[in-house]
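Subject: Handover of a structure, with notes

Dear colleague,

I am passing on a structure that you have not worked with before, and my notes follow below it. Please keep it open beside this message as you read.

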2 protein chains.
Amino acid sequence: MQNNRRPEQRLWRHRCRELCERPIGIFDSGMGGLTVFSAVRKILPGENIIYFGDTARVPYGTKSKKTVTSFSVEIAEHLVRKNIKLLVVACNTASSLALKEIRSRIRVPVIGVIEPGVETALKETKNKKILVIATNSTVSSHAYAQMLKKKSPETEVCEKACPLFVPLVEEGWCGRQATFMVANEYFAGLKKTGFDTIILGCTHYPLLKKVIGKIVGEKVNIIDSARSVAGHVFEALKKNGMFNPGSRGYSKFIVSDAPEKFSGLAWRLLKIRVRDIKIKRF
Amino acid sequence: MQNNRRPEQRLWRHRCRELCERPIGIFDSGMGGLTVFSAVRKILPGENIIYFGDTARVPYGTKSKKTVTSFSVEIAEHLVRKNIKLLVVACNTASSLALKEIRSRIRVPVIGVIEPGVETALKETKNKKILVIATNSTVSSHAYAQMLKKKSPETEVCEKACPLFVPLVEEGWCGRQATFMVANEYFAGLKKTGFDTIILGCTHYPLLKKVIGKIVGEKVNIIDSARSVAGHVFEALKKNGMFNPGSRGYSKFIVSDAPEKFSGLAWRLLKIRVRDIKIKRF
């Protein structure tokens, strides 16, 4: 009996190992999702990762639900063909508008950035007054407000679109006087709402944390969901028996346009060296 | 003999009329090209016009030559299927990167915005020192500098990318303090070059003419190529026997995403009422 089981056990172990070694897919409209990539890489050094930046069609934050969903599903299906074991939708706009559709179209677990951000904010807030800043499309979807109200109905939520923050970051103007002035215009009139916590509802915004902090003051919690997302990824991997221990996972990058610009910005803004980079044109 | 020729003449006249009544196609990456649309509509009120805004993939100014060319050719071919008699590439980035390829792929006359802008600037400048401001991709292509040097080799040209101008316009911040500050940062260090003429090398920039004028001073000529482009269209139509006289041409609009946002911006920024609007998804 024991002899008969051994090959099966070996096969089972082999399959488990094969599953664990499959890469995690992370996708974003551009380079902003690299903040999530960094957090996952730090917490889960043994995981293999494929990052996809849709640089040919960036930004998503100004586009309609139909278009964002169509682009997102196309990329999710492309990553599934690359044999990923789990997908992280690092783009807030795609997480807000397309998560349900992506989940219905692919067969691997899918993690968005809304829920992790909301959970962290609810842990940090004391007065239950939360400000969400994001792109136009994310704010219009009310995805953050709905999730906050679902998990904590008594929370007061204020949402504010800050569409100039993404181009300011992409221009590398993270600490310039003009950036302070733009941020000041966005926050004028919001302080009276009395929020004690801000959710940075766009993966580019962590790069403006200092500017925002100076304007809103030290006492306000600024929630960057990247670390929280990495924690969710770890839990999902363990729950599904897919965690890959170790410390030397590979990182591969795919973009839909302009790889040199992508790797240049990754280094300039996040000190990430992007080496193994491929192009997928749609 | 005369009797035999009459049906032929009638057929010939019918064909000429049919040709004249075909629409002009105007395309841009988004809504900026409506400045060109307005100028053409004003100078040529009898012409039928189909305007295409690629709102699903805007902006083009941060993307590579290959991607911009692929998008531009796709749209040009789509407009040819709509039976246009002439194509205006109202987008500066597409005019800089893809004009040759578009001309080789479609059989109707194609007019870009670079040459008309250059001709007007050369007429206006006195000291032959010209500043070109445009998107990153247009500046990297050096299309303006090359055309200026070709037509007037002794001209001194300085090119400056101003990538934040497009999102500032799209946000409707055409006269805000933050916009002055951004413009000031871009123009710092340029005044010493001694230019007496600026070419606005992006269709969004005419909406910032006042801000730019205040920074560079009254004596500097600010060239918005829209009117000059309309003049080129008129000449091309007459040369090819395609001019449509009259005063009541139709205007149709096609966008690849978010028609409400497009018509909202058209009204808010340019006071253009966009009524007949269709969606073409790629």
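To begin with a question, which side chain meets that of Arg176(B) in a salt bridge? The partner is Glu185(A), and the N to O distance is 2.5 Å, where a salt bridge is a side-chain nitrogen of Lys or Arg within 4 Å of a carboxyl oxygen of Asp or Glu.

Before going further, please note that this is a predicted model, in which local features need pLDDT of at least 70 and side-chain atom pairs count only at pLDDT 80 or more, while totals for chains, interfaces and linings use all residues. Residues are numbered from 1 along each chain as its sequence is written, chains are lettered from A and ligands numbered from 1 in the order in which they are written, and side-chain values use heavy atoms, with hydrogens and water left out.

The interface

Across the interface of chain A and chain B the rule finds two salt bridges, together with 14 residue pairs in polar contact, both residues being at pLDDT 80 or more. A polar contact is a pair of N or O atoms within 3.5 Å; within protein, one must be able to donate a hydrogen and the other to accept it, and residues adjacent in sequence count only if both atoms are side-chain atoms. On the side of chain A that touches chain B, the elements that give two or more residues are α3 (65–81), α8 (165–170) and α9 (177–187) of chain A, and α9(A) gives the most, with six residues. Helices (H or I, at least four residues) and strands (E, at least two) are DSSP runs, numbered from the N terminus. By type, the residues of this side of chain A divide into 13 nonpolar, six polar and nine charged; here Ala, Val, Leu, Ile, Met, Phe, Trp, Tyr, Cys and Pro count as nonpolar, Asp, Glu, Lys and Arg as charged, and the others, Gly among them, as polar.

In terms of contact (heavy atoms within 4.5 Å), 28 residues of chain A meet 29 residues of chain B. The area buried between the two chains is about 2400 Å², of which carbon and sulfur atoms give 61%; buried area is the accessible area (1.4 Å probe) that two parts lose on being put together, summed over both. Leu164(A), Met181(A) and Glu185(A) supply 20% of the area that chain A buries against chain B, more than any other three residues.

How the copies are related

Chain A is superposed on chain B by a rotation of 180° with 0.0 Å of shift along its axis, at an RMSD of 0.0 Å, which is the relation of a two-fold axis. The superposition is by least squares on the C-alpha atoms of residues with pLDDT of at least 70 in both copies. The same surface serves both copies, since 100% of the contact residues of chain A recur in chain B. Of the residues of chain A, Arg57(A) comes closest to the rotation axis, at 2.5 Å for its C-alpha.

Salt bridges within the chains

Over all chains, a search of the whole structure finds 24 salt bridges. One of them joins the side chains of Arg105(A) and Glu77(A) at 3.6 Å, N to O, and this pair links distant parts of the chain, with Arg105(A) in helix α4 (residues 92–105) and Glu77(A) in helix α3, 28 residues apart. Arg105(A) is partly exposed, with a relative accessible area of 45%, and Glu77(A) is also partly exposed, at 26%; buried means under 20% relative accessible area, exposed over 50%, and partly exposed in between (1.4 Å probe, protein chains only).

In chain B, the side chains of Asp257(B) and Arg281(B) meet in a salt bridge at 3.5 Å, N to O. Asp257(B) lies in the loop between β9 (251–255) and α12 (259–270), and Arg281(B) in the segment after β10 (277–279), 24 residues apart. Asp257(B) is buried, with a relative accessible area of 0%, whereas Arg281(B) is partly exposed, at 34%.

Two buried places

Ser29(B) is found in the loop between β1 (24–28) and α2 (34–43) of chain B and is buried, at 7% relative accessible area. Leaving aside neighbours within four places in sequence, Ser29(B) is in contact with residues including Asp54(B), Tyr60(B) and Cys91(B).

In helix α5 (residues 114–124) of chain A, the buried residues include Ile114(A), Val118(A) and Leu122(A). The buried residues of α5(A) pack against several elements of chain A, among them α4, β5 (129–134) and α11 (226–239).

With best wishes
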